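Hi,

Here is the structure I promised to pass on to you.

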Amino acid sequence: MPELPEVETVRRGLAKLIIGKTIQSVSYDTPKGFPNAREDVKAFLIGASITDIRRRAKVLIIDLNNDYSLLIHLKMTGQLVFVGDVRFGAGHPNDSLVNTLPDKSTRVSFVFKDGSRLYFNDQRKFGWVRLMPSIEIPNIDFMKKVGPEPLEVDFTAKQFAERFTRRPKTNIKAAILDQSVIAGVGNIYADESLWGAKIHPKRLVSSITTEEFESLYTELRKVMNLAIEKGGSSNSTYVNAEGKKGSYMDFARAFRREGLPCPRCGTIIEKLRVAGRGTHICPFCQTL
DNA sequence: CACTTGACCTGTCCGC
DNA sequence: TGCGGACAGGTCAAGT
């Protein structure tokens, strides 16, 4: 799923909906949905209140008032959906999804003291939730190796290009998907930004010029900011914290547009496989 | 070591 | 309709 813009959309939605709420009960499947639940997580969760919701790369961090935090990764099909009042039932202004939860892909359910609920749904079961002391978060392997946040205001094009020097012999698409190079980029926004910068995804990193890195930096930030503005991309399962889809796909220029004309030159967009992922390019604008 | 490929799961879509 | 295979927003472990 969910890449940086989708996770950020969920974060913003949840921040408005659940900060300050107190957990009354929690249920989960183990070990898939909640791998460390065996460590008696309920003792730390029940009675705790949510103080903040942060994001690092594609990981959501829900801070509790007892110095513990929940880390959540949505992977491909994860959803975090808040249901304000289950008594509304059919006819509630929210999308129908909130009226049908929990369902067979629900992996973790939180019930708050006011009766509202938060569901972690994940069709493919790749996602996870973990509880850990907040102070230990920076020490986990992922946080130690993950690259910089591309939308930070003080993150420059020069810093962006410098990050890629660690992967000189791979192709640019594999490098931009590598979370240790840049945080939060996934398949959609890799394709969209490479199209914007007119760079073929199979180009070797070592062949990319300074000007091309500057263009890729600009396009990536533009595309991700637009995606956040549009509430993310919903190909199939992605929804925000209120169960609603994002509309970035209406603005996509290459991703999943094979067979359609390039918005820039009219050449038909092609689909190929790069770094093991479906990849979409304009064969006229993006050449090897 | 750097890089690439398969595995993890369930569901859907497409061709026969 | 049914069945098989490919594929899907991500990341690891295991291969080369």
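**Sheets, domains and DNA**

Tyr-68 stands opposite Pro-133 in S8. Before I go on, please note that this is a predicted model, in which local features need pLDDT of at least 70 and side-chain atom pairs count only at pLDDT 80 or more, while totals for chains, interfaces and linings use all residues. Residues are numbered from 1 along each chain as its sequence is written, and chains are lettered from A and ligands numbered from 1 in the order in which they are written.

A word on terms: helices (H or I, at least four residues) and strands (E, at least two) are DSSP runs, numbered from the N terminus. Two strands pair if DSSP finds at least two bridges between them.

**The sheet with S8**

The Tyr-68 pair belongs to the antiparallel pairing of strand S4 (residues 68–73) with S8, which has 6 bridges. These strands sit in an open sheet of 4 strands, ordered S2-S3-S4-S8 and paired antiparallel. Strand S2 (50–56) and strand S8 (128–133) are at its edges with a single partner strand each, so one side of each has no neighbour in the sheet. From one strand to the next, the twist averages 20°; axes here are lines fitted to C-alpha atoms, for helices over the stretch in contact, and angles run from 0 to 180 degrees between N-to-C directions.

H1 lies across S2 and strand S3 (59–64), and runs at about 175° to S2. For contacts, the rule is that the C-beta atoms of two residues, placed from the backbone, lie within 7 Å.

**The sheet with S1**

There is another open sheet of 4 strands, with the order S1-S6-S7-S5 and antiparallel pairing. Its edge strands are strand S1 (23–28) and strand S5 (78–83), each of which pairs on one side only. Neighbouring strands in this sheet are turned by 15° against each other on average, direction ignored. Helix H1 (residues 4–18) packs on this sheet too, touching S5 and S7, and its direction makes about 25° with that of S5.

Going through the pairs in order:

- S1 and strand S6 (residues 106–112) run antiparallel and are joined by 5 bridges; Tyr-28 stands opposite Val-108 in S6.
- S6 pairs with S7 in the antiparallel sense over 5 bridges, and Ser-109 is opposite Tyr-119 in S7. S6 and S7 form a hairpin with 4 residues between them, and Gly-115 in the turn has a positive phi of about 95°.
- S5 and strand S7 (residues 117–122) are antiparallel over 6 bridges, with Asn-121 in S7 as the bridge partner of Gln-79.

Chain A is assigned domain 1 (4–145) and domain 2 (157–281), with bounds that come from an automatic or database domain assignment. Taken over C-alpha atoms, their centres are 28 Å apart. The contact takes 23 residues from domain 1 and 20 residues from domain 2. On the side of domain 1 that touches domain 2, H1, S5 and helix H3 (97–100) each supply at least two residues. H1 gives the largest share of that side, 9 residues. By class, that side has 11 nonpolar, 6 polar and 6 charged residues (Ala, Val, Leu, Ile, Met, Phe, Trp, Tyr, Cys and Pro count as nonpolar, Asp, Glu, Lys and Arg as charged, and the others, Gly among them, as polar).

H1 also packs with helix H8 (residues 210–229) at an angle of about 35°, their axes 9 Å apart. Leu-4, Pro-5, Glu-8 and Thr-9 of H1 meet Met-224, Ala-227 and Ile-228 of H8. Those contact residues divide into 5 nonpolar, 1 polar and 1 charged.

**The DNA strands**

A residue is near a strand here if its C-beta atom, placed from the backbone, lies within 6 Å of it. Around DNA strand B, the residues include Lys-104, Arg-124, Lys-125, Arg-167 and Lys-169. The surface near DNA strand B divides into 3 nonpolar, 4 polar and 5 charged residues.

Of the 22 residues around DNA strand C, Gly-186, Asn-187, Ser-236, Tyr-238 and Gly-278 come nearest. Helix H7 (187–196) and strand S10 (277–281) are the elements that give two or more residues to that surface. Its residues divide into 7 nonpolar, 10 polar and 5 charged.
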